[in-house]
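Could you walk me through this model in my viewer, one selection at a time? I would like to know what to pick next and what I will find there.

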Amino acid sequence: MSRRGETIELAVLGLLHEGPMHGYELRKRLNLMLGWGRVLSYGSLYPTLKKMLRGNLIEESTSSTVTTSRRPRIVYQVTEAGTREFERLMSEVGPAAWEDDNFDIRFAFFGRTDMEIRLRVLEGRRIRLQERLDRVQRELRMTEKEVDRYAAELQRHGVESVEREVRWLSDLINAERGLSAGQPMVPPPDSSTAPQT
């Protein structure tokens, strides 16, 4: 299965753990979860739902709510096999867990994940981003004189974004480690309200 297909499956299974949903509601919630940069079409969602139905990960029923089209809505819910698959996917800690395509979705469901797994995924993501940051900073230094100011500004913006995410991940990792040591969870400081020095 493609990585995007796995990501959609994971998100659908996670959302259906909250309760049954129809396709429109699933798509709306998935688009909120995926973020503005990755809008999910019905052309991507429904083939995934059909595949998940064939795999017995989800099941469908007809809603008693009558819509304006007078057609009953199909409502999807997770099966026991779907619950096991969700748990399996959430327990994976390899590179796919912290890559861009998958990390946000996994993070959205961290509340249902063991602390050790959360830490390993967060640390893997931070290492991956730090490697990316080091590479981009080297490239930026080498190409700074060769590119115009707009291209250089775009590269600097990318570096700042990755640096900000690395700091955020470090704060989350420290908070998780504090939880494992029995300390109460203190949310990372909000940089928008942090005092300016």
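Helix axes here are lines fitted to C-alpha atoms over the stretch in contact, with angles from 0 to 180 degrees between N-to-C directions. Keep in mind as you go that this is a predicted model.

Start by selecting helix 6 (residues 100-108) and helix 7 (residues 115-143): their axes come within 12 Å and cross at roughly 145°. The crossing of helix 6 with helix 7 is left-handed.

Next, show side chains where the two helices meet. From helix 6, pick Asp100, Phe103, Arg106 and Phe107; their partners in helix 7 are Ile117, Val121, Leu122, Arg125 and Arg132. Sorted by class, this contact has five nonpolar and four charged residues, and no polar ones.

Now for the rings: the structure holds four aromatic pairs. Select Phe86 and Phe109, whose ring centres are 5.6 Å apart with planes at 85°, so this pair is edge-to-face. Phe86 sits in helix 4 (residues 80-91) and Phe109 in the loop between helix 6 and helix 7, 23 residues apart. Phe86 is buried at 3% relative accessibility, and Phe109 is buried at 4%.

Move on to Phe107 and Phe110, a tilted pair with 5.1 Å between centres and 50° between planes. Phe107 is partly exposed at 28%, whereas Phe110 is buried at 6%.

Finally, colour by pLDDT: the mean is 83, and 83% of residues reach 70 or more. Residues 191-197 fall below 50. Where pLDDT is low, the predicted coordinates should not be read in detail.

Notes:
Residues numbered from 1 in each chain as written. Predicted model: local features only at pLDDT ≥ 70, side-chain atom pairs only at ≥ 80, totals over all residues. Heavy atoms only, no water. Helix = DSSP H or I, 4+ residues; strand = E, 2+ residues; numbered from the N terminus. Left-handed = near helix turned anticlockwise from the far one by under 90°. Contact = heavy atoms within 4.5 Å. Nonpolar A, V, L, I, M, F, W, Y, C, P; charged D, E, K, R; others polar. pLDDT = per-residue confidence, 0-100. Phe/Tyr/Trp six-rings, centres within 6.5 Å; stacked < 30°, edge-to-face > 60°. Buried < 20%, exposed > 50% of the residue type's maximum accessible area, 1.4 Å probe, protein only.
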